[in-house]
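Please look through the structure below and follow its parts in turn.

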Amino acid sequence: MSDLIKLSIAEAKARLDKKEISAVELTEAHLAAMEKARHLNAFVTETPELAIVRAKQADAAIGKGEAGALSGIPLGIKDLFCTEGVRTTASSKILGNFVPTYESTVSANLKKAGAVMLGKTSMDEFAMGSSNMTSAFGPVISPWKRKSNANIQLVPGGSSGGSAAAVSARLVMGATGTDTGGSIRQPAAFVGIVGLKPTYGRCSRWGTVAFASSLDQAGPMTRTVKDAAIMLGAMAGYDPKDSTSANIKVPDFAAAMTGDIRGLKIGIPKEYRPEGLSDEIAKLWDDGVEMLKAAGAIPVEISLPHTKYALATYYIVAPAECSSNLARYDGVRYGMRVEGKTLDELYAKTRAAGFGREVRRRILIGTYVLSAGYYDAYYTKAQKLRTLIAEDFAKAYEKVDVILTPTAPSAAFGLGETDEDPVTMWLNDVFTVPASMAGLPGISVPTGLSKEGLPLGLQLLAKPFDEETLVKVAGVLEDAAKFTALPTGVEI
Amino acid sequence: MSLDKDTVKKLAHLARLDLPDDELQHLAGELSHIMQFVEQLAEVPTDGVAPMASVAHMNLYRRPDEVTDGDYPDKVLANAPEAMDGFFLVPKVVE
Amino acid sequence: MGYIIQGETGDWELVIGLEVHAQVTSKSKLFSGAATEFGAEPNTQVSLVDAAMPGMLPVINAYCVEQAIRTGLGLKAQINKTSVFARKNYFYADLPQGYQISQFDQPIVGEGEVILDMPDGSTRKVGIERLHLEQDAGKSLHDQHPSKSFIDLNRAGVALMEIVSRPDIRSPEEAAAYVTKLRSILRYLGTCDGNMAEGSMRCDVNVSVRKANEPYRTRCEIKNVNSIRFLQQAIEYESRRQIDIYEEGGTIHQETRLFDANKGETRSMRSKEMAHDYRYFPDPDLLPLVLSDEEIEAIRASLPELPDEKKERFMRDYQLSSYDAGVLVADQPSAFFFESVAKGRDPKLSANWVMGDFFGALNRTGGSIENPPVSAANLGALIDLISDNTLSGRLAKEVFELMVETGKAPGDIVEEKGLRQVTDTGAIDAAIAEVLAANPDKVAEYRSGKDKLFGFFVGQVMKATGGKANPAMVNEILKKQLG
C-alpha cells in the first residue's frame with residue numbers, strides 16, 4: 001500500500017500545501033486501499049468518480065492559493081448524512097434508493113472546506129447500535145484481529161462502525177460520525193482511533209437523518225487528536241435552519257492544543273469503577289491518570305451519583321424520540337414501498353419490511369413509554385433523571401476542568417459472540433451515555449492494547465462548548481500514550 | 001412492567017408495523033425484559049425536579065416571515081414511489 | 001329561559017363547545033419558508049421540511065407568533081410567556097412527518113372570552129379555554145381516481161390557531177353568533193381572513209345534551225363544519241340524535257362524526273377510534289417559546305379598536321341601539337364606512353341609510369365595502385341634502401339609485417335633473433289651489449267627513465309638482481286650505 005495512506009490529515013495538508021503531493025494522488029491512493037479492503041464492508045456506497053472530480057477541484061484551488069481547511073483530504077461520510085445526488089440509506093432498507101436533492105449542513109461545510117468524499121460509510125441501521133451488526137447491508141468487519149485467533153471477525157463498534165473501520169484501515173484520512181449515546185466514541189475506542197463528539201448544538205443537525213433529536217451530534221473520527229480538531233473546525237458552526245444549533249463562534253480548536261495542561265484539574269468519577277470492571281480497563285484508566293499527572297495535571301476524585309441510571313434514562317428518551325422521528329418513513333414520499341390494499345396496510349407492511357429488528361424494538365419501546373398512562377412514569381421520569389445527571393456534571397465542573405474515564409467496558413468483541421439479550425449490547429455504552437444525556441463534549445483517545453492486542457481507549461469529557469480544553473488535554477494524553485499499533489486485519 | 005402479546009400488538013398498530021404473531025410473542029418477552037431494566041428509575045426520588053426541556057439553553061430563534069422556500073415540485077416528488085400530475089399517490093382512503 | 005328541546009322524558013339542554021381552526025394570515029408557513037397562498041398548483045408550495053424529507057428541521061415564523069399573541073389579546077385572554085411545542089403523533093396521508101407540531105399542556109394563550117351579540121340585541125359571554133399554534137395538514141383528494149387518493153402538501157405546515165371555547169354554548173343560534181363574532185374579531189385584528197369557503201376557518205363542534213342541573217354527559221365531536229348554516233344544522237341534528245338514543249334507554253359513546261351537508265345528518269367516521277393515542281411529547285427539535293413583556297405590550301398597543309369597544313362607542317356617541325350598533329361593527333370596513341358618513345351628521349339618519357339603502361345596494365350590485373357602489377363621501381353629501389331640506393326622503397331614494405347607477409355625486413344629479421325639493425310656499429299654494437279647483441266634488445266630500453280623501457289630495461299635489469314638493473309643507477298647507 002502507498003505510504004500516502006499512512007499520513008495524518010495535518011501531514012497531508014502540509015505536503016499538499018508544499019505541492020509535494022497532489023490531491024488526485026492522495027485520493028487515488030485511498031481509492032486503491034478502499035478497493036482492496038472491501039471485505040471490511042465499511043462502505044454502503046463508493047463514489048470514486050465524484051472523488052476524482054473533487055480532488056481535481058482541490059488541486060486547482062491549492063494551485064491558486066485558495067486552499068480550504070481540508071482541501072484534497074479524502075474523507076468517509078457516514079450514511080446518515082444526506083448527500084446531494086448520492087444515495088443515502090441510513091444503512092436501512094426502508095430508504096430504498098433514496099437520492100437526496102439536498103446536502104446536509106455538516107457535509108456541505110466539509111465540501112466547502114475542500115474535502116473529498118470517497119463514499120458513504122456503513123453504520124448500525126438508523127444509528128441504533130454499538131456493533132454495526134444491524135446494518136441492512138451486512139455487518140462491518142473490524143480491521144483488527146485478536147492475537148490468539150485471526151479467524152474470528154471482530155466488530156468495529158457502532159453505530160459509526162463503517163467510519164471507524166475505514167479510518168482505522170487507512171481507507172480514508174478521516175470520517176464523519178454521529179454520536180447519540182456513544183456512537184462515535186465507542187467505535188473509535190474499539191478500532192484504536194480518535195473520535196470526538198462535540199457539545200450538543202456545536203454542529204448542525206440539518207440534513208442528518210434524525211434518530212434522537214435531543215442527543216444526536218455529528219463529529220469527526222480521525223487518527224490523531226489534531227486531525228479531529230481540524231475536522232471539527234470545518235464541520236461546526238451555527239445554522240439558522242436548525243433551531244437547536246448554538247449561535248456561537250467556532251474557535252480554532254487546533255490552535256488550542258498548546259500541550260500545556262499544568263494545573264488543570266482532571267475529574268476521576270468513582271461511579272465509573274463499578275464492581276466487575278475488568279482489570280485491563282481499570283489499569284488502562286489508572287495509567288491514563290498517571291500520564292496526565294506527569295504532564296502537570298491534578299487528578300481529583302469526583303462523584304457523579306446518578307451515573308448508574310444514565311443507561312436506563314437513555315433507553316427511554318432515545319427510543320421515545322426515535323419512535324416519532326421514524327414515523328416519516330412510510331413509503332409515501334420516498335424510499336421503499338410495499339403495496340397495500342389500504343393506506344394503513346401500505347404503512348404497516350412497508351415499515352415492517354423496511355426496518356430491522358433493533359429499530360423495530362426501539363420504535364415499540366418508544367411508542368410504549370409515550371403512550372397514555374405510561375408517559376409520566378417513564379418519559380417524564382427519564383427527563384427528570386436527565387436534569388439530575390446534567391446537574392451532577394455541572395457540580396463536578398465547579399471543581400474540575402475535564403473528566404477522564406474509560407470509553408468502553410471491554411475491547412471489541414467477535415461478530416458471533418453476542419447473546420440475544422438486547423440489554424447486554426446496550427451495556428457497551430455505559431461510559432459514554434451519561435455525557436450524551438448532559439449534552440457534553442467528549443473524545444476517545446486510544447491509549448493501550450488489550451492482552452489480545454486489541455485497541456483500548458480512554459474518554460475525556462469537558463464543559464459545554466469547551467472543546468478547546470478537551471482537545472488540549474486529549475493531545476497531551478495522546479502524546480504520552482504513544483499509541484502506534486496498526487490494525488492487523490488489513491494490509492497497510 | 002410486563003408486556004403481553006396483545007399490548008405489543010396494540011403498540012405495533014400505533015407504530016404501523018405489521019408483524020406476525022410469533023414475532024409479537026417474541027417481542028413481548030424482549031420488551032418486558034427491557035422495561036424491567038428501565039424500571040430502576042422509579043427508585044430515584046425526583047420530587048421538585050424539572051424534566052429537562054433541552055440541553056440547549058438558549059432562546060428559540062424565530063425567523064422573519066418571508067417566502068424563502070418551496071416552489072420546486074420536481075425535487076419534492078423526485079423520490080416518490082408513486083406520483084401523478086404533481087400529486088403523491090396512495091391507496092384510496094375512505095372516510 | 002334558555003334553548004330547550006322537549007323530549008318524552010323531559011326537557012333537554014344542549015352543551016356545545018367549539019374548536020375553531022383559524023389559518024394565520026402570514027406570507028410563509030409556521031415552521032418553513034414555503035408560501036401559504038390559496039389555490040397554487042399541487043406541491044409547489046412545499047419545502048423539504050413540509051415534505052418531511054430525512055433530516056429536515058422546523059424553524060418558527062416570528063410573525064405567526066405575533067399573530068397568535070395579537071389574537072389572544074383580542075380575546076381578552078392570558079398570554080403565556082412560556083409555551084412549549086409538542087408533537088401529536090398519528091399516521092395519515094396528509095401528515096408527512098407522521099406527527100403534527102402542535103401545543104399540548106403549555107399553549108401560548110390561556111383563558112379569555114368572547115361576547116356574543118344575539119339577534120334580539122342581548123349579549124352572552126362565552127369563555128375561551130385556550131388558543132394554541134399548530135401546523136395544518138396537507139390535502140387528500142379521494143375522488144380523482146378509482147383506487148388512489150391524491151396527496152397535495154401545499155397546505156401542510158401552514159400556521160393554524162386552534163381556538164377552543166369552554167362548553168358554554170347552549171343553542172345553535174349561540175353557536176352561530178359565536179363563530180360570527182370570533183370571525184369578526186379575527187378579521188379586525190388581521191390575524192385570519194375568516195374565509196370559511198376557502199377553508200381558512202374551520203369548526204369542529206362538540207355536542208352533548210343533558211337534563212337541567214345534571215353534570216356533563218358524553219359528547220361527540222363533529223369535524224370540519226365549514227359554514228355557519230351547516231354548523232347550526234349539524235348541532236340540531238346531532239342533539240336530536242343523542243336525545244333520541246337517551247330516551248330509548250341507550251348510551252352515547254364518545255366518537256368523531258362528520259356532517260353530511262346533502263343529507264343534513266351527522267355520521268360516524270369510519271376510521272377506528274382505537275387508533276388515537278397521540279403520545280404528545282415536547283418537540284425535541286424546538287426549544288420552549290419565551291415571550292417578553294415588551295413584545296406583548298408592543299402588540300397590545302398596536303391593537304385596533306375591537307368590535308365590542310366600537311359597538312359601545314357607537315351606542316354612546318351615535319345613540320344607536322344595541323342591534324344597530326352590532327350590525328354596523330360586525331365588519332370593520334362597514335364600521336369605518338358608517339363613521340365616515342356619520343361624522344358631523346345626524347347619526348340615526350346615517351345609520352338608516354347605511355344599513356338600509358346602502359347595504360341593500362351592496363348586496364344587489366355584489367360590490368364590497370372596499371369598492372362600494374356609492375362612496376362614503378357621496379352618501380354623506382346625500383344625507384346633507386336631506387338635512388337641509390333640498391331633498392325629501394323619497395326623492396333622496398331616487399337620487400340614491402341614480403348615484404348607484406352613475407357613480408355621480410348627489411349634488412350633480414340634483415342639478416342635472418332639477419330635483420330640488422320645492423319648498424317655496426308660493427309654488428305649493430299654487431299647486432294646491434290648482435288641485436282643489438280641479439276636484440270640487442272631492443273637496444266637498446272631504447269637508448263633509450270623508451277624511452281618507454286627504455291622501456288623494458296629497459298625491460295630486462305631489463304629481464302636480466313632479467314629486468318635488470316638500471311633503472311636510474304640503475300637508476300643512478293642504479290642511480289649512482281644506483279646513
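In this predicted model, the centres of domain 2 and domain 3 of chain C, taken over C-alpha atoms, are separated by 32 Å. The domain assignment of chain C places domain 2 at residues 317-417 and domain 3 at 425-482, and it also gives a domain 1, at 4-299.

Turn next to the sheets. Strands of a sheet pair through backbone hydrogen bonds, and the pairing is either parallel or antiparallel. In chain A, eleven strands make up an open sheet with mixed pairing, and their order is β1-β3-β2-β4-β6-β5-β10-β11-β9-β7-β8. At its edges are β1 (43-46) and β8 (298-302) of chain A, each of which pairs on one side only. On average, neighbouring strands of this sheet are turned by 30 degrees against each other, direction ignored.

Strand β5 (residues 194-197) and strand β6 (residues 217-222) of chain A pair in the antiparallel sense, over two bridges. Here A:Val194 stands opposite A:Thr222 in β6(A). A helix also belongs to this part of the picture: helix α7 (residues 225-235) of chain A lies across β4 (174-179), β5, β6 and β10 (442-449) of chain A. Helix α7 of chain A runs at about 145 degrees to β6(A).

Another open sheet takes strands from chains B and C. Its four strands come in the order β2(B)-β3(B)-β10(C)-β9(C), with antiparallel pairing. The edges are β2 (83-84) of chain B and β9 (139-141) of chain C; each has a single partner strand, so one side of each is left without a neighbour in the sheet. The partner of β9(C) is strand β10 (residues 148-152) of chain C, and the two pair in the antiparallel sense over three bridges. Within β10(C), C:Phe150 is the residue that stands opposite C:Leu141.

Which residues have the most contacts inside the largest nonpolar core? They are A:Leu75, A:Leu460 and C:Val205, in a core of 274 residues. Helix α9 (residues 310-325) of chain A supplies the largest share of this core, ten residues. Leaving aside neighbours within four places in sequence, the residues in contact with A:Leu75 include A:Leu110, A:Ala115, A:Val116, A:Val172 and A:Ala175. Apart from this core lies another, of 33 residues, and among them are C:Phe337, C:Val341, C:Phe358 and C:Ile383.

Definitions and conventions
Residues are numbered from 1 along each chain as its sequence is written. Chains are lettered from A and ligands numbered from 1 in the order in which they are written. This is a predicted model: local features need pLDDT of at least 70, side-chain atom pairs count only at pLDDT 80 or more; totals for chains, interfaces and linings use all residues. Two strands pair if DSSP finds at least two bridges between them. Axes are lines fitted to C-alpha atoms, for helices over the stretch in contact, and angles run from 0 to 180 degrees between N-to-C directions. Two residues are in contact if their C-beta atoms, placed from the backbone, lie within 7 Å. Domain bounds come from an automatic or database domain assignment. A nonpolar core is a set of buried Ala, Val, Leu, Ile, Met, Phe, Trp, Tyr and Cys residues joined through C-beta atoms within 7 Å. A residue is buried if 20 or more other C-beta atoms lie within 10 Å of its own, exposed if 12 or fewer, and partly exposed in between; C-beta atoms are placed from the backbone.
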